[in-house]
Amino acid sequence: MALTQKTANKIFGGWQKVFSHKSAELKCEMNVGVFLPAQSEVGKCPVIYWLSGLTCTEQNFVTKAGAQRYAAEKGVILVAPDTSPRGCNIEGEDESWDFGTGAGFYVDATEGKWKENYRMFSYVTKELRQLVNENFPTNGKQSIMGHSMGGHGALICALKNPGMYSFVSAFSPICNPSQCPWGQKAFGGYLGEDRKLWHDYDATELVKDYAGPPLEILIDQGSEDGFLKDGQLLPDNLVAACAKAKVPVVYRLQPGYDHSYYFIGSFIGDHIAEHAKALQ
């Protein structure tokens, strides 16, 4: 699978690059950010995948999170894809900020006009992994993390693929999308009215039946996050389900922080350290 390099910037001894490629899963051109630490020039490195939230592109994480400093220290490759297909000329794809363009929700759509292109789950877990492993010096170990809609994406990618990822973490994730307005809108549009399909992409529902190898989960949530207060994120539901299923989760409510990249930037070093430890 061919990659076209669009940008390259030296940072912390490594390179922050952005590539484009033609996606077979999504049937459109996609951008992906890749940070290559200096260690990747002399040997193979583990990979951390980052999934961004609603309205984001690959640029949000690349430019705002400050993650490259910590990835350089730990010798890990960071991969940050876009959040949805783009430019597919689907009627209505640009009408809402929380559905369609920039809002793929990391599901494989089954409904009508969306099912041809909106296959972000398969893109992230299959095509993107193959693309990265074929083009960069990876050692076969990977983990995954994300923010908000991308936190939801990271959790379901790990829970639906036992053993694929060594660690999963999330900032302000949408933990129980079948029970919140954002998720109900997206799932209804992409997956239809069958709630069983909804549960197949809902971390709180998936963890109830998780039977794979041990999986550690880390979640950071800001106490002053407006979306937490509006009932969009529902972390308590996931924590309760994890406790019942005996799936270890560390949930940290961080006083005073909101939903923004200021919050992510404050704790991204902690997360990368935990990922690096699991990837050793």
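**Figure 1. Overview of the protein chain.** Of the 280 residues of the protein chain, 58% count as buried. The model shown is predicted. Its secondary structure consists of ten helices and nine strands. Along the principal axes, the C-alpha atoms of the protein chain fill a box of roughly 50 × 40 × 35 Å. The radius of gyration is 17 Å, which agrees with the value near 19 Å that a compact globule of 280 residues would have. Among contacts between residues at least 6 apart in sequence, 72% join residues at least 24 apart.

**Figure 2. Surface and charged side chains of the protein chain.** The protein chain exposes about 11,200 Å², and carbon and sulfur atoms supply 49% of this area. There are 26 positive and 31 negative side chains. The centres of these two sets lie 6 Å apart.

**Figure 3. Helix H5 and the helices around its buried residues.** Helix H5 spans residues 181-191. Its buried residues are Trp182, Gly183, Ala186, Phe187, Gly188, Tyr190 and Leu191. These buried residues pack against helix H4 (149-160), helix H6 (195-199) and helix H8 (226-229). Just after H5 comes Gly192, which takes a positive phi of about 85°.

**Figure 4. The largest nonpolar core and Ile144.** The largest nonpolar core holds 65 residues. Within this core, Phe105, Val124, Ile144 and Tyr190 touch the most other members. Tyr190 is also one of the buried residues of helix H5. When residues up to four places away in sequence are not counted, Ile144 touches Tyr49, Leu51, Val124, Ala154, Cys157, Ala158, Tyr165, Phe167, Val168, Ser169 and His275. A second, separate core has 20 residues, including Phe35, Ala65, Met145 and Phe171.

Figure 5. Leu234 lies in the loop between H8 and helix H9, the latter formed by residues 235-245. The phi angle of Leu234 is near 55°, a positive value in a residue other than glycine. For comparison, most residues other than glycine have a negative phi.

Figure 6. Lys246 belongs to the loop that lies between H9 and strand E9 (249-254). Its phi is near 60°, again a positive value in a residue other than glycine. Is Lys246 buried or exposed? Lys246 counts as exposed because its relative accessibility is 75%, and the cut-off for an exposed residue is over 50%.

Technical notes: Residues numbered from 1 in each chain as written. Predicted model: local features only at pLDDT ≥ 70, side-chain atom pairs only at ≥ 80, totals over all residues. Heavy atoms only, no water. Helix = DSSP H or I, 4+ residues; strand = E, 2+ residues; numbered from the N terminus. Rg over C-alpha atoms; globule rule 2.2 N^0.38 Å. Buried < 20%, exposed > 50% of the residue type's maximum accessible area, 1.4 Å probe, protein only. Contact = heavy atoms within 4.5 Å. Areas by Shrake-Rupley, 256 points an atom, 1.4 Å probe, with all protein chains shown as cover. Lys, Arg positive; Asp, Glu negative; His and termini not counted. Charge placed at Lys NZ, Arg CZ, Asp CG, Glu CD. Core = buried A, V, L, I, M, F, W, Y, C linked by side-chain atoms within 4.5 Å.
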